[in-house]
Amino acid sequence: METLKSARKGDSGEASSDLSDQIKAATKENHFRAENTQLMLSYQKGQITLQQYKVLLFSLYEIYKALEEELDRNSSHPAVAPIYFPQELARLELLESDLEYFFGQDWEKRVIVPAATQRYKQRLRKIGQENPELLVAHAYTRYLGDLSGGQVLGKITQKSLGLSSKEGLSFFSFPGVSSPNRFKQLYRSRMNSVELTEEEKAAVLEEAVEAFELNIQVFDDLQKMLSIATETDQSRSDVGAARFTASPVLQLAVGLCVALATVGAAMYGM
């Protein structure tokens, strides 16, 4: 609760009525934790692998599918309309393009996501149906985060994966935004214009904190899946699994199925 109280103040320490400033203050600690998960630290160091990137794309696809479908469905809602920028911000088609590049036209048959991603999706669907004003928190944390770090992370990814072109990296591009900084100013201005009661504003701040927590859980789940898949591959190698040669995509799918089963069993055992 202390975090939400401090959200009433801007960077200068003075009280701020701007929703964007309040969200930034309320999520400061969560933002730091998200950037310092094992998966994100590896990413920032340029240590992302193709396997990690592919699995991350699957989770991002599921998250943005839920978010953008709920934003579309609630586009005329008073709280959503001011921050509804499908032409400038929509990620879904770009993610589909990236997934098709890596997995082929039947990529939808290969989608495997961890439990945390499913929980994230379910949360977005729930608030889209019951409290559309809370979508403001998720749209802000996701879109402005991607817009802020998109170009840098895109370059890191291209270099880390040794890609000769930007194919497979469409997610990081915003062709409808000519100036990210100016657009972010416009977006914050629109968001600050949203009329909310004090109770609704408090709920949006809490939802912004929850959005970061959901992202942290997704990153942690992905890391667990990948770690288990790596250990499984190593074990198979030690017992002569080289006698069976599968395609890289099939190996990824098998490894992740084992990982999902293991993570699922651990959750039921808690």
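Predicted model: local features only at pLDDT ≥ 70, side-chain atom pairs only at ≥ 80, totals over all residues.
The structure holds 1 cavity of 30 Å³ or more, and the space in the largest cavity amounts to about 40 Å³. Its lining is formed by Leu56, Ser59, Leu60, Ile63, Arg142, Asn215, Val218 and Phe219. Two or more of these residues come from each of the elements α5 and α11. The most is given by α5, with 4 residues.

A pocket was also found. The largest pocket has a volume of about 1200 Å³ and a lining of 40 residues. Nearest the centre of this pocket lie His31, Glu35, Thr141, Gly145 and Phe212. The elements that supply two or more lining residues are α2 (19-26), α3 (28-35), α4 (38-44), α5, α9, α10 (180-192) and α11 (198-238). Helix α9 gives the most to this lining, with 12 residues. By class, the lining of the largest pocket comprises 18 nonpolar, 12 polar and 10 charged residues.

The packing of α9 was then considered. Two packed helices are described by the angle between their axes and the distance between the axes. For helix α5 (residues 50-73) and α9, the axes come within 13 Å and cross at roughly 155°. Angles over 145 degrees count as roughly antiparallel, and α5 is therefore roughly antiparallel to α9. The crossing in which α5 passes α9 is left-handed. On the α5 side, the contact is made by Leu50, Tyr53, Leu60, Ile63, Tyr64, Leu67, Glu68, Glu70 and Leu71. These meet Leu135, His138, Ala139, Arg142, Tyr143, Asp146, Thr157 and Leu161 in α9. The contact of α5 with α9 has 11 nonpolar, 2 polar and 4 charged residues. Leu60, Ile63 and Arg142 are among the residues of this contact, and these three residues also line the largest cavity.

Helix α9 also packs against α10, at an angle of about 170° and with the axes 11 Å apart. At this angle α9 is roughly antiparallel to α10. Val136, Ala139, Tyr140, Leu144, Leu147 and Ser148 form the α9 side of the contact, and their partners in α10 are Pro180, Phe183, Lys184, Tyr187, Arg188 and Met191. The contact of α9 with α10 has 9 nonpolar, 1 polar and 2 charged residues. Ala139 takes part in this contact and in that of α5 with α9.

A further partner of α9 is helix α8. Helix α8 (residues 115-130) and helix α9 (residues 135-161) pack at an angle of about 135°, and their axes are 9 Å apart. This angle makes α8 oblique to α9. Tyr120, Arg123, Leu124, Ile127 and Gly128 in α8 are in contact with Leu135, His138 and Arg142 in α9. By class, the residues of the contact of α8 with α9 are 4 nonpolar, 2 polar and 2 charged.

Technical notes:
Residues numbered from 1 in each chain as written. Heavy atoms only, no water. Axes fitted to C-alpha atoms, helices over the stretch in contact; angles between N-to-C directions. Parallel < 35°, antiparallel > 145°, perpendicular 65-115°, else oblique. Contact = heavy atoms within 4.5 Å. Nonpolar A, V, L, I, M, F, W, Y, C, P; charged D, E, K, R; others polar. Left-handed = near helix turned anticlockwise from the far one by under 90°. 1 Å grid on protein atoms, 1.4 Å probe; cavity = no way out; pocket = protein on both sides within 12 Å on 5 of 7 lines; lining within 4 Å. Points joined across faces, edges and corners; volume = space filled by probe spheres on them.
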